[in-house]
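Good morning, colleagues. Please turn to the sequence and the model on the screen, and I shall take you through some of the features.

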Amino acid sequence: MSSPMQPTTSSTAPSTIAPVRRAAVAGSFYPADAAALRAAVDRCLATADAGSIAGSAPPKLLIVPHAGFVYSGAIAAQAYALLRPWGSVIRRVLLLGPVHRVAVRGLAAPTVEHFETPLGRVTIDRAALWRLKALPQVVFDDRPHAPEHALEVQLPFLQTVLAPGFTLVPLAVGDASPGQVAQVIDSLWGGPETLIVISSDLSHYLSYEEASQRDRATADRISAMATDISPHDACGARALNGALLAARRHGLGAPQLLDLRNSGDTAGDRKRVVGYAAFMLSAQPRQDEAPETSDPPDPPPQDEQLGAALLARARNAIALALHLPTQTEPAHPSLAKPGATFVTLKDAHGALRGCIGRLEAVEPLDFDVRHNAVGAALRDPRFVPVRAAEWPTLQLEVSLLEPAQALPSFASEAAALASIAPNIDGLIFEWQGHRSTFLPQVWEQLQQPAAFMAALKQKAGLPAGFWANDIKLWRYRVQKFASDKPAPTR
């Protein structure tokens, strides 16, 4: 069963340890001998009945417990058995779970090359982790991973049901909001090749009767895709809430409960039990359903210190181009990381005066925002260049883009519109060389999804009523930072 956390402080600095994360709980949570471990996993999987839930696409998201195999292995196996038909399709696993030993602010990614169990080594997807470097909530630190069992106990199941060669993206989730976790998951969502696994037990150390009632209520909330589950009800709540938020954003169906028991049902006494559940969320998007009536997804969390740093650099870049004085620029660690921004200028009446940006993070954020600020002021082909005399009257806005997520193909425009969140999603449209984008701010002028899409198609040079099955769409979200006018110069 789970152990209490003994917290220390985590750091963003990578630790200098061996390139392999060795098994920490082999011999306690599961057998240390490879043959005995294979037999234990096979026994657990033999109890699973996956036939009635098998679908036409691989599962996209699993929620599984992480106690010792004798306690929760059979419950976890109910989910892992669903992967057997898709063992050669799933090639990457995004694995998130809580920390029990080392406290983390945000999400901790490892720097090692492999995670090891008695069944062998699993290769870490370093390219995927590199994509997360620009996210301020992700730290790179091996220390939270070294003693942690919540992720490790999932590996023997994955090594058994998936074909050799799959890669792993392991993230230890500490103090992180649902929006921060969902942003990470969105960044690596992928297609059928990517599986998301959330490791979480339920209630801890209640009586059997109290735990059964409380865990049933928690399971009902998970099935309803709630995103405010308490850590008292699920130790992996922070990872779980973020995953359910991401699942809602991507239009997955409601979680299917596969098993719900506790340690009193499996291998422990009934005086103080730990609860376990297994869920599966289908990879088949709900393309033709009506838009959800639940609360809209949360916008990206705002980093106001980063916003002040970006606005200062955008102002100074324009001021230098216009031969005007500059101002002090606050520092921020994210400025050295790759980032994508749009810089927007508006006149005193709110009318657009220039907007230039980049959709993909290529250059360091410091360079990107300066480059786009000068572009918005001087190189937007729709407007004459900004003059020094009018600069003090203009409003400045910087949008920091999250990585764009590809949407599936849609048979109809109505299905596509049902998959996007008004006032939150920016959209990229592409069809046979025609390409356009609207920032989320455009929803302020085009509040109806159909009007938003029609204008986006017209911007790409296509009729407002055009639709084709091979249209490609991406959505993205932004942190928006705005100032009413340039700050006083010194």
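Predicted model: local features only at pLDDT ≥ 70, side-chain atom pairs only at ≥ 80, totals over all residues.

The protein chain contains 13 helices and 20 strands. Of its 490 residues, 53% are buried. As for the surface, the accessible area of the protein chain is about 20200 Å², and carbon and sulfur atoms contribute 54% of that.

Let us now consider the sheet. Four strands form an open sheet in the order β16-β19-β17-β18, and their pairing is antiparallel. Which strands stand at the edges? They are β16, residues 405-406, and β18, residues 434-438; each has a single partner strand, so one side of each has no neighbour in the sheet. The partner of β18 is β17, which spans residues 426-431, and five bridges connect this antiparallel pair. Within the pairing, Arg435 of β18 lies opposite Glu430.

Finally, I turn to helix α2, which covers residues 69-80. Its end C-alpha atoms are only 13 Å apart, whereas a straight helix of twelve residues would reach 16 Å at 1.5 Å a residue. How many of the residues in α2 are buried? Ten of the twelve are, and the helix is thus mostly covered.

Notes:
Residues numbered from 1 in each chain as written. Heavy atoms only, no water. Helix = DSSP H or I, 4+ residues; strand = E, 2+ residues; numbered from the N terminus. Buried < 20%, exposed > 50% of the residue type's maximum accessible area, 1.4 Å probe, protein only. Areas by Shrake-Rupley, 256 points an atom, 1.4 Å probe, with all protein chains shown as cover. Pairing = 2+ DSSP bridges. Expected span 1.5 Å × (residues − 1).
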